[in-house]
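Here's a quick briefing on one structure, grouped by topic. Have a look at the model first, then read on.

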Amino acid sequence: MGQENKSQIWVREFILLGLSSDWVTQVSLSVLILAMYVVTTVGNVLILALIRLDSRLHTPMYFFLSVLSFVDLCYSNSFAPQMLAHFLSAQKSIPFHSCVLQLYVSLALGGSEFFLLGAMAYDRYVAVCHPLHYIVIMHGGLCLGLAAGCLVAGFMNSLMETIITFRLPLCHNVINHFACEILAVLQLACVDISFNKIMVAISGFLLIMLPCSLVLFSYGRIVAAILRIRSTQGRRKAFGTCASHLTVVCMCFGAAIFTYLRPQSASSMEEEKMVALFYAVVAPMLNPLIYSLRNKEVMAALQKVSEKFRDKR
């Protein structure tokens, strides 16, 4: 123990190694990520504005989509601005408290998104399997309660994970990542981190597998209901209401399972950074594109709002 205590340091800031040490690569990545960040911001703000402005989108489905867009917007902003600043900086440092806040917020928003996707799957189940009682079941109080529960669950889990992570004694302050990601921060500890890894695995299992189970149950019932529809057009219409959500579910849960639920020995830090980059920057950009380009109601709302602006001119 005496030797361990001597090796501990008081950390005021962390150094992030980022994605690459090559200057040309960093400039190229900064341009690419800036473009994706702009698309993410514009896309999610546009989704939020359309749902707010068009009364036809004031339904439970689009309420949950607006919450998801808001979460994606905040999640992207917890990573992207700092990444862009670091790409063009020689010293990629982040203050201790900023690192704690980034880890807490990113974990909280990521966990909340999984639960939101589960709630959205339940919404689609009710819409397809109980269409006549949809408005009665998915009333405003239930939607608000589900959304609030998703956010509370995500933030409470993140608080626990953040506290037990940063209470560890640290031997150095160099993080082999582009952000303060929990698995990368744990590698700085001077002590055995088996307990923390177990907690991360349990947390990941609950955050991912519980919503995933709800998604599987909901879509199992949805598929069974669709198969009972006799007309091909009716089946296509029923499945069309779920296609966008199912695409986002596969993308988000796939990336999370790859990062947190597979054996650590089966992955390298470089692979984990690439998956984290996808989840932090690419997924929030794709979500509004998937929901808008594949959704006739959203495209109709966009056309309607565009016509209003043209008429005002």
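By class, the second largest cavity is lined by 6 nonpolar, 5 polar and 1 charged residues (Ala, Val, Leu, Ile, Met, Phe, Trp, Tyr, Cys and Pro count as nonpolar, Asp, Glu, Lys and Arg as charged, and the others, Gly among them, as polar). Keep in mind that this is a predicted model, where local features need pLDDT of at least 70, side-chain atom pairs count only at pLDDT 80 or more, and totals for chains, interfaces and linings use all residues. Residues are numbered from 1 along each chain as its sequence is written, and side-chain values use heavy atoms, with hydrogens and water left out.

**The cavity**
- The second largest cavity holds about 80 Å³ of space, a volume being the space filled by probe spheres set on grid points that are joined across faces, edges and corners.
- A cavity here is a set of points on a 1 Å grid over the protein atoms alone where a 1.4 Å probe fits but cannot get out, and lining residues have an atom within 4 Å of a point.
- Its lining includes Leu16, Leu19, Met83 and Phe178, along with Lys92.
- Helix H3 (residues 60-87) provides the largest share of that lining, 4 residues; helices are DSSP runs of H or I, at least four residues, numbered from the N terminus.

**The nonpolar cores**
- The largest nonpolar core has 70 residues, and Ile33, Met83, Leu117 and Phe178 touch the most other members.
- Such a core is a set of buried Ala, Val, Leu, Ile, Met, Phe, Trp, Tyr and Cys residues joined through side-chain atoms within 4.5 Å, with buried meaning under 20% relative accessible area (1.4 Å probe, protein chains only).
- Helices supplying at least two residues each include H2 (23-53), H4 (96-129) and H10 (269-293).
- H3 gives the most to this core, 13 residues.
- A second, separate core of 21 residues includes Cys180, Ile182, Leu183 and Leu188.

**Phe178 and Leu277**
- Setting aside residues up to four places away in sequence, Phe178 touches Leu16, Gly18, Met83 and Leu277, among others (contact means heavy atoms within 4.5 Å).
- Leu277 sits in helix H10 and is buried, with a relative accessible area of 12%.
- Beyond its neighbours within four places in sequence, Leu277 is in contact with Leu19, Ile33, Met83, Phe178 and Val282.

**Annotated spans**
- An unreviewed UniProt entry lists "transmembrane region" for residues including 27-50 and 134-156; such annotations may be inferred rather than shown by experiment.
- Residues 27-50 are 100% helix, with end C-alpha atoms 34 Å apart.
- Residues 134-156 are 91% helix, with end C-alpha atoms 31 Å apart.

Notes:
On a 1 Å grid over the protein atoms alone, a cavity is a set of points where a 1.4 Å probe fits but cannot get out, and a pocket is an open set with protein on both sides within 12 Å along at least five of seven lines; lining residues have an atom within 4 Å of a point. Buried means under 20% relative accessible area, exposed over 50%, partly exposed in between (1.4 Å probe, protein chains only).
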